[in-house]
Amino acid sequence: MSYLSEMAGTGIHNDIVPDPDWWRGAVIYQIYPRSYQDGNGDGIGDLPGIISRLDHVARLGADAIWISPFFRSPMLDFGYDVSNYRDVDPMFGTLADFDALIERAHGLGLRVLIDLVLSHTSSEHPWFQESRSSRDNKRADWYVWADPKPDGTPPNNWLSIFGGSAWQWDGTRMQYYLHNFLAEQPDLNFHNPDVQQELLDVARFWLDRGVDGFRLDTVNFYVHDAQLRDNPPLPTEERNANTAPAVNPYNFQDHLYDKTQPENLDFLRRLRAVMDEYPAITSVGEIGEGQRGMETQRDYTAGDDLLHMAYDFEFLAVSELKGTHVADVLERFDRIVTEGWACWAFSNHDVARHVTRMGLSADAAKLCAAFLMSMKGTVCLYQGEELGFEEAYVPYEDLQDPYGKAFWPKYKGRDGCRTPMAWSSDAHGGFTDGKPWLPVSVNHMEHSVHAQDQDPESVLNFYRTFIAFRKTRPELAKGDLEVVEAGETHIAFLRKTADGQVFCAFNLSDTPCTIPLPGPGWQICEESPFPVEAAGQEITLLPWQAAFAVAND
C-alpha cells in the first residue's frame, strides 16, 4: 500500500481559504524536486513523486510549498540554468503533471510557490544562442556583452560566485559576456526593456497556471552597473562567509557595481504590478548580499509595490545560535527594515544543514525549530529538516555540484544537503527503485519518515505538534516582537497582537537556566509542546527547553 493510500480518510483535505495576507507568518516547506520522490524509477525525483508525497507536507501543518526549479535545463546547475521558462523538463514530468500538482496541493490546503530564476539563463537557451550569433540580431542586447580591454583581458574585475572571472570570452562576437555564476549561465541584460517584458510574461504564464507566488532566486543580481565600474576591495576585517564560503575570493570585493543596483527596484515594481492582478499572490526574494543584506531587504520590501518579503543569510550562515546574536539580528531588523516583512530559515538547498552546522542533538533540533517558528516573520523549512537530518557525507567520486568541485576540499559544495529524502529504511530510503542521483544517507534512513512517524518523541512529531500549537496562538504568526532578555545561552521575548501576548523563553544550551516571567499573573500555555512549570515568578528551563506563557485575564 502506498503512503498516499495510507493517508486516505485522515481528514487532511481542506480547500484554500481566500486570504490576501496568508503569507504573513506562514510556514513554507521547500521541496528540492530532484531529491524528494522519484516517481518513475530513474533515480531522480519528479513532479509525480512530489504529488505522491504532498500528504506528508499537509500532515506536517505547513501552509505552502516552494518548489525549486523544474524548468527545461541542461542541469549544469541542476535547474538553476534554464533553457525554457515555459516548460517542465522531461526529467521532472510534463506541464500536465504540474497542473495536477497544483490541483492536489490546493486540495490539501497547500499553496504553491515556484522558484523563478530571472537573473540569468542557460547558455543553451535560444535567446542566448541568438544573442551570441552576431552583434546586430534582434536579441543582440539581451545579455551583458562588453569589449575586452586593449590587452584582451576582461572588461573589469568582477568575479563569479562559482570561481574565477565573471566574464567569459565568446569567439563569435569577439566580446565577453557576464556570468555571475557558471560560465554556462549568462546574465540577462535588465537595462533592455524587452528583456524585462519577456520575463514579466514568464511570470504571468505561471500565474495563469495557478501558482500562488514566487521565490525569486538571486533577486538583487538582476541589474548590473551600466558603466561596468570595478568593484573596490573589501577590507579583511569586513569579510564574511554569508554569501560565499570563506575559501572563495568573491568575498575579497565590495560588490558595489555587479549587483544590487537602484534600477532593480523599477523592475520589481513592474513584477509586483503583474502579481497584483491575481488574488492572494506572494513573493519572497533571496538577497545575496554579504555587507548590506538587511538594507537591501528594506529597500526591496518597502511599501506595497515591491516584494512581499525577502531573506538574506543571517541565520543560514551561523554555526551557533547565541541569544545575544539573535537579539542583535532582531533589533537590527526592526530598526532597519521598518516597512518590510521578514522571512527566516536555518537550512535550504544552498547551505549545510543546520543540525550539522550548529552541532545539534535531537533535543536541540527541536528547540531550534520552536525558536525559528516563534520569531516574527514567515518561516521556510527545508525538506528533511523536520526529520532532524544531518548534512550527508558525499564522497568526491559521487560529487555532482560544480561549486563543490571548484573549491574542494575546503568547501565540499551543496550536495550534502541535497541528498534524497528517506521515507523508509528500505533500499534507497523509499526514494527510488533505481540508482539515486546522489547516495541516500544511511543515517537518514535510520531517521526516516516511517521510523519517526511511529515515535511520539521524534523530531518529526515535534514539528507537527509545534506547528499545530503555533496555529492556536496568532501572536506567534503575526504579532510584534519585543526582546525582554538575552544572554549567550538564552533569550526571551514577547509576541504581541491587539488581542493578546505570548511570552517565549528559550534555553539555547545544555545547562539549566532560570528566566523570570514578565510579571505577576502569567501562566504556562497548556498547549505548549514543552513540559515546563513555573515556580512563582520564574521558569526553570532544562537543557534545550522552551517555555510559552500567557497573562491571566
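The model is predicted, so local features need pLDDT of at least 70 and side-chain atom pairs count only at pLDDT 80 or more, while totals for chains, interfaces and linings use all residues. Residues are numbered from 1 along each chain as its sequence is written, and side-chain values use heavy atoms, leaving out hydrogens and water.

**Exercise 1: the course of helix 2**

Find how far helix 2 reaches, where it bends and what sits at its ends.

*Step 1.* Locate the helix: helices (H or I, at least four residues) and strands (E, at least two) are DSSP runs, numbered from the N terminus. Helix 2 covers residues 47-60, which is 14 residues.

*Step 2.* Compare spans. The expected span is 1.5 Å times one less than the number of residues. From first C-alpha to last, helix 2 reaches 20 Å, close to the 20 Å expected.

*Step 3.* Look for a bend, the angle between axes fitted to the seven residues ending at a residue and the seven starting there. Helix 2 bends by about 45 degrees at Arg53.

*Step 4.* Check the ends. Asp46 caps the N-terminal end, with a side-chain oxygen 2.8 Å from the backbone nitrogen of Gly49. After the helix comes Gly61, whose phi is positive, near 105 degrees.

**Exercise 2: salt bridges across the chain**

Describe the salt bridges of Asp21 with Lys478 and of Arg86 with Glu198.

*Step 1.* Apply the rule: a side-chain nitrogen of Lys or Arg lies within 4 Å of a carboxyl oxygen of Asp or Glu. The count comes to 34 salt bridges.

*Step 2.* Take Asp21 and Lys478, which meet at 3.4 Å, N to O. This pair links distant parts of the chain, 457 residues apart, with Lys478 in helix 15. Asp21 is partly exposed, at 27% relative accessibility.

*Step 3.* Take Arg86 and Glu198, which meet at 2.9 Å, N to O. Here strand 4 holds Arg86 and helix 5 holds Glu198. Glu198 is buried, with a relative accessible area of 19%.

Note on methods:
A polar contact is a pair of N or O atoms within 3.5 Å; within protein, one must be able to donate a hydrogen and the other to accept it, and residues adjacent in sequence count only if both atoms are side-chain atoms. Buried means under 20% relative accessible area, exposed over 50%, partly exposed in between (1.4 Å probe, protein chains only).
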